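The sequence and the structure come first.

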Amino acid sequence: MHFHPSCTAVTECFEELAYYGIQFNLVTFLKTVLQESNVSAARNYTNWQGTCYIAPLVGAVVADSYLGRYLTTLAFFAVYLAGMAAMSISASFPACTGLDCRQEGSSSSQSAVFFLGLYMMAIGAGGIKPCVSSFGADQFDDSVPSERLKKSSFFNWFFFSIYIGSFASGTVVVWMQDNLGWVVGLWIPTLFIALAMASFLLGSGSYRVQKPLGSPLVRVSQVLVAAVRKRNASLPKDASLLYELPEGASMADGTKKLQHTPVLSALDKAAVIASTEELCSSDPWRLCTVTQVEELKAVIGMLPIWATGIVYFAVLAQFSSTFLEQGRMMNTTVTIPGRSFSIPPASLASFDAVSVILFVPVYDRVLVPAARRLTGNDRGLSELQRFGAGLFLSVLVMAAAALVETFRLQTMAAAAAGDEGEKKMCILWQVPQYLLVGASVVFACVGQSEFFYNEAPESMRSLCAALGLLTVSLGSYLSSLLVTVVSAVTTKGGREPGWIPDDLDEGHLDRFFWLVAALSGLNFAVFVCCAVRYKCK
């Protein structure tokens with residue numbers, strides 16, 4: 001194999017550096033440069049984020065159905081680069097400082113160019129997300145044991161590269177935007193997108209490029225339609241009588257045939273040969289192959305595991321919302337011999353990235369060999385074991401946050417009672433929960449990506465990767481819903497401050513954290529049940 005994994009890893013590192021270079025400071029740009037209100041800036045940020053996590057479904061369908069992962073990645077990279085360039089150009093428009101600046105033509109033109117670029121970037125970034133990791137994994141031959149092990153390690157280092165880019169962006173790029181201005185601050189991420197594209201192209205001569213295998217949505221629809229049409233048909237006792245292409249015949253340009261499984265037998269009716277005419281016509285909307293039916297069964301079988309990811313990412317959503325609110329109520333001034341300095345609550349997110357960056361090598365070089373000796377599994381931990389470990393760590397994340405908040409409230413209560421020795425808790429007490437978030441990501445996020453790639457049918461790998469990314473968005477929505485419901489219930493119609501008031505000293509954010517910890521624990525228990533059933537299927 002001539003392919004070197006560093007091509008896709010470097011590509012992803014540069015892409016994430018550019019992506020987070022926009023995400024981390026987008027609200028600041030909207031408010032300071034485009035003169036938007038808090039509400040408008042927050043709304044535009046949320047809409048953009050939603051687009052970023054819907055676009056992967058588009059990219060996945062294009063990759064699996066028409067262009068393949070290689071050409072799809074290049075196409076969306078081109079859109080990405082054009083969008084970044086448009087945003088960078090908009091930053092050079094004359095600054096608007098007057099009271100009526102929103103009505104001036106230059107400001108309107110600047111906003112139009114910026115938002116055009118912003119959404120082109122969202123489509124480009126979203127389009128390549130389900131393709132790059134799957135494309136990198138495509139380069140390893142599962143029939144060769146040594147390459148199968150390298151593929152498992154590839155997912156570790158792929159996520160390592162993501163967080164290297166995130167950390168560099170959250171420190172260096174954000175500093176440049178704040179201190180050198182937006183023209184330089186936006187052209188730097190644009191440069192890195194160009195470098196990401198160049199890095200991807202660098203390995204073109206050695207890539208193993210798989211052809212698109214047809215629309216997965218069409219294949220799924222054909223099975224459902226055929227099964228409904230023949231819902232009254234009787235299933236043969238011998239599964240070999242179900243329709244399948246003859247031995248030696250290729251499936252959808254090279255996809256492997258799948259063996260029949262006894263689960264979800266209602267779908268098997270799509271492969272029942274009802275008549276000789278039906279067999280001769282080869283109409284896939286009336287008669288599907290066993291392989292086609294099993295592809296749909298495989299995706300349905302993964303859905304319970306997929307659903308547990310939604311709750312997991314609802315937990316992770318706290319790290320960019322309620323954790324920040326908690327941090328704002330703590331003492332952000334840290335004193336060391338000779339000087340003191342302030343730590344912005346948002347900057348503690350860097351400990352998450354640092355945790356991932358440090359823990360990936362430890363996991364890959366220390367924990368995997370140790371687990372390999374204990375479990376006999378070449379990968380050390382299976383994908384489901386790894387995902388489950390990440391879900392368990394998410395319970396510890398929320399428990400740590402709840403304990404910190406409990407002690408913080410006790411400290412504030414003591415201060416209110418007149419104990420002069422008590423002061424606000426130092427914000428560094430939040431560091432353990434952020435480090436646990438990073439450790440959880442190394443287990444759960446990498447395990448989830450590996451699971452969806454390895455268990456997905458060949459014709460649906462990009463789509464399943466996109467479904468995995470969709471759990472991030474759905475988890476954020478679930479978190480918002482949870483906060484809204486808890487606030488409505490605990491305020492009792494506005495008569496009480498509730499658990500999450502504006503002044504957290506009057507509330508009980510600790511109870512909210514314990515509630516999320518309990519939900520996360522329940523989610524872990526559900527996952528264990530689903531994982532056991534999945535392994536026994």
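The model is predicted. In helix α15 (residues 509–535), the buried residues are L509, D510, F512, F513, V516, A517, S520, N523, F527, C530, A531 and Y534. An α-helix has 3.6 residues a turn, so residues three or four places apart point the same way. The length of α15 can be checked against its residue count: at 1.5 Å a residue, its 27 residues should span 39 Å, and the end C-alpha atoms are 38 Å apart, which agrees.

**A helix pair**

Two packed helices are described by the angle between their axes and the distance between the axes. For helix α7 (residues 216–229) and helix α9 (residues 290–316), the axes come within 9 Å and cross at roughly 105°. Angles of 65 to 115 degrees count as roughly perpendicular, so α7 is roughly perpendicular to α9.

**Cysteines**

A disulfide requires a pair of cysteine sulfur atoms within 2.5 Å, and by this rule the count comes to zero disulfides. C464 is in no disulfide, and the nearest cysteine sulfur, that of C131, lies 13 Å away. C464 is buried, with a relative accessible area of 2%. C288 is buried as well, at a relative accessible area of 0%.

**Two further residues**

S88 is found in helix α3 (residues 38–91). With 0% relative accessibility, S88 counts as buried. Leaving aside residues up to four places away in sequence, S88 touches L186, W187 and T190.

Most residues other than glycine have a negative phi, and most peptide bonds are trans. L264 has a positive phi, near 50°, and is a residue other than glycine. L264 sits in the loop between α7 and α8 (276–281). Its relative accessible area of 40% makes L264 partly exposed.

The accessibility values given above are collected here.

| Residue | Relative accessible area | State |
|---|---|---|
| C288 | 0% | buried |
| C464 | 2% | buried |
| S88 | 0% | buried |
| L264 | 40% | partly exposed |

Technical notes: Residues are numbered from 1 along each chain as its sequence is written. This is a predicted model: local features need pLDDT of at least 70, side-chain atom pairs count only at pLDDT 80 or more; totals for chains, interfaces and linings use all residues. Side-chain values use heavy atoms; hydrogens and water are left out. Axes are lines fitted to C-alpha atoms, for helices over the stretch in contact, and angles run from 0 to 180 degrees between N-to-C directions. Helices (H or I, at least four residues) and strands (E, at least two) are DSSP runs, numbered from the N terminus. Angles under 35 degrees count as roughly parallel, over 145 as roughly antiparallel, 65 to 115 as roughly perpendicular and the rest as oblique. The expected span of a helix is 1.5 Å times one less than its number of residues. Buried means under 20% relative accessible area, exposed over 50%, partly exposed in between (1.4 Å probe, protein chains only). Contact means heavy atoms within 4.5 Å.
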